[in-house]
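The exercises below are meant to be worked through with the sequence and the model side by side. Try each task before reading its solution.

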Amino acid sequence: MHIQRSRFLPWISAACLGAALVAGAAWAGTAEGVRAYDRGQFALAAKELQPAAQAGDPEAQFHLGLMHDFGKGVQLDHAKAAALYRKAAEQGHADAQYHLAVSYDDGEGVPQDFKQAVYWYTQAANQGLAKAQYNLGVSYDKGEGIAKDHQMAAQWYRKAADQGDSDAQYNLGVAYDEGEGVPQDHQQAVAWYRKAAAQNHVRAQFNLAVSYDDGEGVAQDKKQAVHWYTKAAEQGDADAQQNLSVMYARGEGVARDATKSRYWARKARESRARDAD
């Protein structure tokens with residue numbers, strides 16, 4: 001199964017601060033700080049957020065943690081970032097819980113600890129945060145920090161997939177394709193690949209192309225296979241580039257074209273060489 005962790009830098013609008021547990025000066029500092037953060041005015045954001053964070057506002061702590069984590073307007077300092085995430089996470093801030101989990105997963109700012117990662121992913125996942133649900137699914141799939149359990153992995157992937165997370169949609173498709181954690185169902189696999197592919201998920205595009213190529217879970221359609229191989233190939237996927245080369249060489253789903261076949265074969269070699277570096 002092709003699985004990987006997800007980490008993201010959220011840009012959270014000041015309009016979303018209504019649920020923050022803040023008051024008085026801390027509220028004002030947080031609101032101004034987040035507005036400055038959203039505008040990319042990181043020095044001003046730090047000036048506003050630091051007093052609010054020290055006063056215990058979780059939203060300010062979270063944003064200041066992001067700034068230290070990614071070196072935006074303040075010194076890059078993963079340890080400070082993790083400490084700030086923890087302060088906010090302990091107050092129930094879902095995004096901070098997620099980022100603290102990622103810090104433990106990567107051993108960035110804290111000692112690597114997969115059990116702690118799972119703990120904080122779970123806290124955020126239970127609050128409905130899709131990226132946390134996805135990463136928790138990966139933890140179950142890999143057996144990192146928790147006993148390997150493909151059924152639980154699939155359950156968490158579905159929760160994230162239902163919220164539109166393309167990585168979770170792809171992994172859930174693979175789970176159905178392989179019958180891992182769910183009953184094998186190629187039609188379900190295709191349905192989830194299609195959702196992820198529509199969001200430009202390159203491996204979902206490739207797997208959807210293979211499904212059309214083989215007629216597995218969907219009626220065989222070489223033209224559709226070429227369509228999706230092309231989508232993935234144009235994003236640099238070496239497997240898709242190689243298969244597209246073969247389609248042009250054989251004239252399957254597309255007019256036979258030796259020049260295009262050679263072109264995509266060369267692109268596949270280049271992609272694999274680049275990936276090997």
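**Exercise 1.** In this predicted model, determine the handedness of the crossing of H11 and H12, and then describe how the two helices run relative to each other.

*Solution.* Viewed as a pair, H11 and H12 cross in a left-handed manner. Next, locate the helices: H11 covers residues 202-214 and H12 covers residues 222-234, and their axes come within 8 Å and cross at roughly 160°. Angles over 145 degrees count as roughly antiparallel, and H11 and H12 are therefore roughly antiparallel to each other.

**Exercise 2.** Which residues of H11 meet which residues of H12, and how does their contact divide by class?

*Solution.* On the H11 side, list Val 202, Gln 205, Phe 206, Leu 208, Ala 209, Val 210, Tyr 212 and Asp 213; on the H12 side, their partners are Lys 222, Gln 224, Ala 225, Trp 228, Tyr 229, Lys 231 and Ala 232. Sorting the contact of H11 with H12 by class then gives 10 nonpolar, 2 polar and 3 charged residues.

**Exercise 3.** Which residues touch the most other members of the largest nonpolar core?

*Solution.* The largest nonpolar core has 76 residues, and within this core Met 67 and Tyr 229 touch the most other members. Tyr 229 also belongs to the H12 side of the contact with H11. Leaving aside residues up to four places away in sequence, the contacts of Met 67 include Tyr 37, Phe 42, Leu 49 and Val 74.

**Exercise 4.** Is Ser 166 buried or exposed?

*Solution.* Ser 166 lies in helix H9, residues 166-178. Its relative accessibility is 18%, so Ser 166 counts as buried, the cut-off being under 20%.

Technical notes
Residues are numbered from 1 along each chain as its sequence is written. This is a predicted model: local features need pLDDT of at least 70, side-chain atom pairs count only at pLDDT 80 or more; totals for chains, interfaces and linings use all residues. Side-chain values use heavy atoms; hydrogens and water are left out. Axes are lines fitted to C-alpha atoms, for helices over the stretch in contact, and angles run from 0 to 180 degrees between N-to-C directions. Helices (H or I, at least four residues) and strands (E, at least two) are DSSP runs, numbered from the N terminus. Angles under 35 degrees count as roughly parallel, over 145 as roughly antiparallel, 65 to 115 as roughly perpendicular and the rest as oblique. A crossing is left-handed if the near helix is turned anticlockwise from the far one by less than a right angle, and right-handed if clockwise. Contact means heavy atoms within 4.5 Å. Ala, Val, Leu, Ile, Met, Phe, Trp, Tyr, Cys and Pro count as nonpolar, Asp, Glu, Lys and Arg as charged, and the others, Gly among them, as polar. Buried means under 20% relative accessible area, exposed over 50%, partly exposed in between (1.4 Å probe, protein chains only). A nonpolar core is a set of buried Ala, Val, Leu, Ile, Met, Phe, Trp, Tyr and Cys residues joined through side-chain atoms within 4.5 Å.
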